[in-house]
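Dear colleague,

I am handing over the structure below, and I would be grateful if you could look through it before reading on. My notes on what was found follow after it.

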Amino acid sequence: MSKEYFELLIKPEDNYELFLNLILSLTDDAIEENDGEIIVRSEESLEDFQEPLEKFAKALNTKCYIKCEKKESIDWIKKYQDSIQAVEVGSFYVRPSWSEAKEGKIDILIDPALAFGSGHHETTSSCLLAIDEFVKKGDSLLDVGTGSGILAIAAAKKGAVVDVCDTDEICIESTKSNFALNNQEINKSWIGSVNFAKEKYDVVLANIIADVLVMISDDLINSTKDGGIIIVSGILDKHEKRVLSKFSNLKELKIIHKNEWVTMVFKK
């Protein structure tokens, strides 16, 4: 271990998910999320990140606190691991590999790394609750924008036959790794979005941002069987009505609010 390391702190006042996605696309170093802060630690200098982040914040018209500093090396891998706690959501118990399983719960093993999704964020936990309630054994399910694969794994552990897609190849690889970690199998996977789906599904799930959900709403509906379930999330409450309007022809089954985040469940 080197004697020093670099730490980059990003704290945006708004558009947190966009900043997180940008960081995830720029580095494969360990990333910690802590109360609205994104922290990147590396043995390599992170100073080159500061200017692009400042320009990104300016383009979004968002105030963002950014600080990069060199620190004396501690066992920050252990510190990072200690900061990631297991989380219980409905029937599921989502944990990193360094935590123990919980008896009586559906065990989901996720080591938080590059791809977003470890069960702690409101959108992920709300989707897990929706999967717990609406996904049945034998259902065919498509996870659009699978990220870490956590939601697809949850569905597989409920007995669904799962396909996944993501526009980011790294996310597909991360999902495959996490499926293997959980001794589950992906039925089909592809790089791209729901418009490449070759069949219709009992359940279509998309935990993405509101703008993308609005853009692909027709494809999500068209890829769902008649009588099937659509679960959409990643929606800030200020965009709730706009997303709802895109699914207004469907039966609304459930709306889950967690802080400023919204998850919606519809029946086609």
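N182 is buried, because its relative accessibility is 4%, where buried means under 20% relative accessible area, exposed over 50% and partly exposed in between (1.4 Å probe, protein chains only). Please bear in mind that this is a predicted model, in which local features need pLDDT of at least 70 and side-chain atom pairs count only at pLDDT 80 or more, while totals for chains, interfaces and linings use all residues. Residues are numbered from 1 along each chain as its sequence is written, and side-chain values use heavy atoms, with hydrogens and water left out.

N182 lies in the loop between α6 (169–181) and β10 (188–191). Its side chain reaches the backbone oxygen of N178 at 2.8 Å. Leaving aside neighbours within four places in sequence, N182 is in contact (heavy atoms within 4.5 Å) with D107, I108, L109, I153 and K157. Of these, I153 is 29 residues from N182 in sequence, yet the two are 7.6 Å apart in space, C-alpha to C-alpha.

**The annotated positions**

The unreviewed UniProt entry carries a "binding site" annotation that covers T124, G145, D166 and N207; such annotations may be inferred rather than shown by experiment. T124, in helix α4, is buried, with a relative accessible area of 2%. G145, by contrast, sits in the loop between β8 (140–144) and α5 (150–157), and at 28% relative accessibility it is partly exposed. Not counting residues up to four places away in sequence, G145 touches C165, D166 and N207.

With kind regards

How values were computed
Helix = DSSP H or I, 4+ residues; strand = E, 2+ residues; numbered from the N terminus. Polar contact = N/O pair within 3.5 Å; in protein donor to acceptor, adjacent residues only side chain to side chain.
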